[in-house]
Amino acid sequence: MESALETAFPFIVYSVGILLAFQGVLMIVAYTVLAERKVLGWIQGRIGPNRVGPWGVLQPFADLLKFIFKEDLVPDKSTKFVYFLAPLVALTCALLPIALYPFGPRIADPLGWLVPYTAGIPYLGDAVPWIAERAINMPLTIAQLDVGVLFILAITSVGVYGIALAGWSSNNKYSLMGGLRSSAQMISYELAMGASIIGVVILAGTLDLNGIIQAQSAGPWYMRWYIIPQFIGFMVFLIAAFAETNRVPFDLPEAETELVAGFHTEYSALKFALFFMAEYVNMFTVSVLCTVLFLGGWYTPGLSYLFPVGSIPYALASHVTFLLKIFAFLFLYIWIRGTLPRFRFDQLMSFGWKFLLPVAIGNVILTIVIVYLLNM
Amino acid sequence: MVSTVIFFLFAGFAIACAISMVYHKNPLYSAISLIGVFIALAGLYVTLAATFIAVTQILVYAGAIMVLVVFVIMLLNLDEDKPLNRLRYLYVVGAGLGVALLAQTFFIFYAVLKTPKSPADPDSLAGSPMSIGQAMYTEYLLPVEIVGVMLLMAIIGAVILVRRMEQPEMEAVIEQESENRIE
């Protein structure tokens, strides 16, 4: 009995963790859509959605219901198998990185405070200390990978297929143009994105997301957040991130004025919703990556003076600052969408290859030289 | 137990994808199957505790090379009614290579069964990015440099192939293009 529980315990913990993490992220993503419509409304002097629930707070659920109940149209001459596969690829590749998000610091004893309260109760009195003992120092990440940054880059690079295949299989010239544009764009900007991360990896000496945060929490004040020593890398990463997620001003794959709706012209109902969700989850992932690499992830200087490191309030406060940093990036996305016009495609390509990539590589060389000189 | 199940899952998926890659007439289906093979192989690498190689496999093969392949297939949009029959003589070569590969596989099986088993060290750092990087820049520096020079040659070759035109001719084309833009 005991050993069976021992084997089952990690599975239960992981199941609960996966459920919480995915549900939480998807809820935030749903409300990002509402926030986007509201903020865009304010920027354009409108009110935005305000019919469903007070202040429009139930709008995401109304949207979802609408997506589910709309008729699912499949173009007659589409390549059926690929047409069905494409949105699944897009959403799967968007959701996978959630497993690596570093949600917060380790808590020394998360459930220890429960033990005295449950001491006298039958069953619970035995179960709680047993669980509390196993929960000690549990990481607040589903999967800790020593190549976390690379994993997220790899999965997002596979996500291109969702868009490219959707464009190809729809048998529509606008879709095909959108698909071609997106694959060209994402290959080009992936390079700049990868190169802009190298500087951070050199400074941190690890590819593990939690390790990078740990590295930022040590060292002199100007190394606390890598945005200070790696400002060029941060700017390049931010610009490349907009291009990678196909957002304004780089939303060429779905440019309404030229391509109707780009790669998802022929998609309707739930399949369109999958693409839509994938785009917003990708935005969230890129914001998490940006926060972890350049803004210290869950680490915020000064919090360790307020609460003892490893305590529950410290973890909660860290988690809240982590979310606040991500929300700041999400707001930036929306803000820029409301402000900037779209690039022309040749401008997009020459900007990526002739400006962003050289700057990113220059930043890598500069970082290597400075680190070498400092360590001499 | 769990790892055996996962191994057969990924291995079966890899073989199924490989077979479908060879048998599909539509080049895009073949490309998608090949991506499936790469992802299944990456899964196998993870079960062997080689996460770095697994991630690199996805990043380089599935993420970069196959995107180019899919891109080209989409651009050309080959007609699937016309089978490519002009490479018929390659069947003989293919059969010979297949036999060689089979022999090699059996040899590897034989060699693995012959060698005494040594339990893997769980604390070993082999396969971590740090150890791979250190090995690449100390022990295997010469091969890395040779690969670097070869890649540089490939890049220069690609640029030369694209820019076949003479310089004055090129400038004329650029001028005309920019005039068209202004109009």
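In this predicted model, helices α10(A) and α15(A) cross with left-handed geometry. Their axes come within 9 Å and cross at roughly 150°. Angles over 145° count as roughly antiparallel. The two helices are therefore roughly antiparallel to each other. On the α10(A) side, the contact is made by Ile232(A), Gly233(A), Val236(A), Ile239(A) and Ala240(A). On the α15(A) side, Phe351(A), Leu356(A), Val359(A), Ala360(A) and Asn363(A) take part. By class, this contact has 8 nonpolar, 2 polar and no charged residues.

Helix α10(A), residues 231–244, also packs against α14(A), residues 312–339. Here the axes come within 12 Å and cross at roughly 60°. The pair α10(A) and α14(A) is therefore oblique. The crossing is right-handed. From α10(A), the contact draws on Phe234(A), Leu238(A), Ala241(A) and Phe242(A). From α14(A), it draws on Phe329(A), Leu332(A), Tyr333(A) and Ile336(A). The class count for α10(A) with α14(A) is 8 nonpolar, no polar and no charged residues.

The structure holds 2 cavities of 30 Å³ or more. The largest cavity has a volume of about 220 Å³. Its lining comprises 18 residues. Closest to the centre of this cavity are Ile163(A), Met186(A), Glu244(A), Ala278(A) and Asn282(A). Four helices of chain A each supply at least two lining residues: α3 (80–95), α6 (148–158), α7 (160–169) and α12 (269–294). Helix α12(A) provides the largest share, 5 residues. The lining of the largest cavity divides into 10 nonpolar, 5 polar and 3 charged residues.

The second largest cavity has a volume of about 30 Å³. Chain A contributes Val160(A), Tyr161(A), Ala164(A) and Ser183(A) to its lining. Chain B contributes Val67(B), Val70(B), Phe71(B) and Met74(B). Two elements give two or more residues each: α7 of chain A and α3 (51–76) of chain B. The largest share, 4 residues, comes from α3(B). By class, the lining of the second largest cavity has 7 nonpolar, 1 polar and no charged residues.

Open space was considered last. The largest pocket has a volume of about 2,500 Å³. It is lined by 46 residues. Leu150(A), Gly194(A), Ile198(A), Leu59(B) and Val60(B) lie nearest the centre of the pocket. Helix α8(A) gives the most, with 9 residues. The lining of the largest pocket divides into 33 nonpolar, 11 polar and 2 charged residues.

Note on methods: Residues numbered from 1 in each chain as written. Chains lettered and ligands numbered in written order. Predicted model: local features only at pLDDT ≥ 70, side-chain atom pairs only at ≥ 80, totals over all residues. Heavy atoms only, no water. Axes fitted to C-alpha atoms, helices over the stretch in contact; angles between N-to-C directions. Parallel < 35°, antiparallel > 145°, perpendicular 65-115°, else oblique. Left-handed = near helix turned anticlockwise from the far one by under 90°. Contact = heavy atoms within 4.5 Å. Nonpolar A, V, L, I, M, F, W, Y, C, P; charged D, E, K, R; others polar. 1 Å grid on protein atoms, 1.4 Å probe; cavity = no way out; pocket = protein on both sides within 12 Å on 5 of 7 lines; lining within 4 Å. Points joined across faces, edges and corners; volume = space filled by probe spheres on them.
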